Structure formats: structure tokens, C-alpha cells
Amino acid sequence: MFLHFIRAKWREGDWLCTNCSNHNYASRAFCNRCKTAKESSVHPGAL
Ligand SMILES: [Zn+2]
């Protein structure tokens, strides 16, 4: 896939925080930067 061409370190399952655009590993349930939950990033507004 072309994503592998753009990001060599991008692993399958990794996700991008919609709050701060931080790249998080697939094993992370919360954003490494802003602690936003992986699932809640789909539907913000929990606060
Ligand atoms: Zn974040």
C-alpha cells in the first residue's frame, strides 16, 4: 500500500489521534500526547 511508502514506521493497527493528530501505536488505548481515548476520538464531546 502507498501508506507504507509515505510512513515507513507506520504499523498495521496504528491510529492517528483526531484531537492532536499524534501518531499512536496500535497497542495504545489512549493518545500518548493528550490522553484522548482511542475510541472516543471517533466521537469527541465527552467533556
Ligand atoms: Zn492526542
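Is Cys17 buried or exposed, judged by the other C-beta atoms within 10 Å? The views below take up this point and the surroundings of the residue in a predicted model.

**View 1. Overall arrangement of the chain.** The chain has 47 residues, of which 4% are buried. Of the contacts between residues at least 6 apart in sequence, 7% join residues at least 24 apart.

**View 2. Cys17 in the loop between β1 and β2.** The loop that holds Cys17 runs between β1 (15-16) and β2 (23-24). Cys17 is buried because 20 other C-beta atoms lie within 10 Å, and a residue counts as buried at 20 or more.

**View 3. Ser21 in the loop between β1 and β2.** Ser21 has a phi near 65°, which is a positive value in a residue other than glycine. Ser21 has 10 C-beta neighbours inside 10 Å and therefore counts as exposed; the limit for an exposed residue is 12 or fewer.

**View 4. Lys35 in the segment after β2.** The backbone of Lys35 also shows a positive phi, near 65°, in a residue other than glycine. Lys35 is exposed, because 10 other C-beta atoms lie within 10 Å.

**View 5. Cys17 and Lys35 shown together.** In sequence, 18 residues separate Cys17 from Lys35. In space, the C-alpha atoms of Cys17 and Lys35 are 9.4 Å apart. Within this pair, Cys17 is buried, whereas Lys35 is exposed.

Conventions
Residues numbered from 1 in each chain as written. Predicted model: local features only at pLDDT ≥ 70, side-chain atom pairs only at ≥ 80, totals over all residues. Helix = DSSP H or I, 4+ residues; strand = E, 2+ residues; numbered from the N terminus. Contact = placed C-beta atoms within 7 Å.
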